[in-house]
Every structure is written in C-alpha cells, then in structure tokens.
Amino acid sequence: MRILIINGPNLNLLGKREKSIYGEKPFEEYLEELRQRFPEHTIDYFQSNLEGELIDTLHRAEGTYEGVVLNAGGYTHTAVALADAVAGISTPVVEVHISCILAREEFRHISLIAPKVKGSIMGFGLDSYRLGILSLVEESIP
C-alpha cells in the first residue's frame, strides 16, 4: 500500500517548537521509525507552510496513493479550500493531530476538515501518525 503523510504549517519545526506540546523528536526521525514499522508499505512525506501546495499535493495523491494521513496544523481551523480538496478526492484521508485539539484553545476545537475525512486521531503525540496509518492499512486487508 502507498501512503502519503502530509504535514501543514509549522510542522517542519517539530522537535524545536513548543516541546511541551509537540515533543522533542524531529518529524524526519519519526518518519524513519514509521517506515521501519511498516516495511511492506511505501510511506511518502510532504510538508508545506503554504495552503495551495497542500491542496495541490492532495489533488496529486488521487490515483497515486491508497491513503493519506493529513495533519493540516493551523489550517485545520481556517482552511475551507483545504477541506474542499479533501472532499474532492476519493483517496481516503485520515486527519491526525499530535495534541488533543479539544483540550486546547477554543478556536482549535473546530476542524473544518473533520467532516470530510475517514476519521480523526488526536492527542497521542507523534503516535497519532502510526494510528492513522494503521487505520488505512487494516481497512485494506480483506
């Protein structure tokens, strides 16, 4: 199975930014752990701070990947166009968040993406990505 992980704005700063919320491990290090944990699957990665690039990447995922794990970062709460892009593709998308967005500031409680995705996983730190991949992989097993 081919899976694409897409990270949105500021997630390039994992391991440096607000360590009490996001942890100390850079995402690239965790990505290697994921690839070792799921060696029978191809896991590609894309990160951008630009909404349009995230949208274009979702569009390109159609027909190329069997699943997408998306952490839209701050765009989760503001980006109607990104939510529309998720709704516009047939590739299943799982929304993930490192922190529990419902336990944070009130403006973070709303996800514009959540109604458009297969499911949402939050609050398990970087392990949210592993759980997102598992949800895609296990669904594909007959």
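Among the elements that cover the buried residues of helix α4 are α3 (51-61), β3 (67-71) and β4 (93-97), where helices (H or I, at least four residues) and strands (E, at least two) are DSSP runs numbered from the N terminus. The model is predicted, so local features need pLDDT of at least 70 and side-chain atom pairs count only at pLDDT 80 or more, while totals for chains, interfaces and linings use all residues. Residues are numbered from 1 along each chain as its sequence is written, and side-chain values use heavy atoms, with hydrogens and water left out.

Helix α4 spans residues 80-87, and Leu82, Ala83, Ala85 and Val86 are buried in it; buried means under 20% relative accessible area, exposed over 50%, and partly exposed in between (1.4 Å probe, protein chains only). Seen down the axis of α4, these buried residues fall within an arc of 155 degrees, so they line one face of the helix; the arc is that of the directions from the helix axis to the C-beta atoms.

Two further residues are set out by accessibility.

The side chains of glutamate 95 and histidine 97 are joined by a polar contact of 2.9 Å. Beyond its neighbours within four places in sequence, glutamate 95 is in contact (heavy atoms within 4.5 Å) with residues including Leu70, Thr76, Ser111 and Ile121. As for methionine 1, its C-alpha atom is separated by 6.2 Å from that of threonine 42, although the two are 41 residues apart along the chain.

Key
A polar contact is a pair of N or O atoms within 3.5 Å; within protein, one must be able to donate a hydrogen and the other to accept it, and residues adjacent in sequence count only if both atoms are side-chain atoms.
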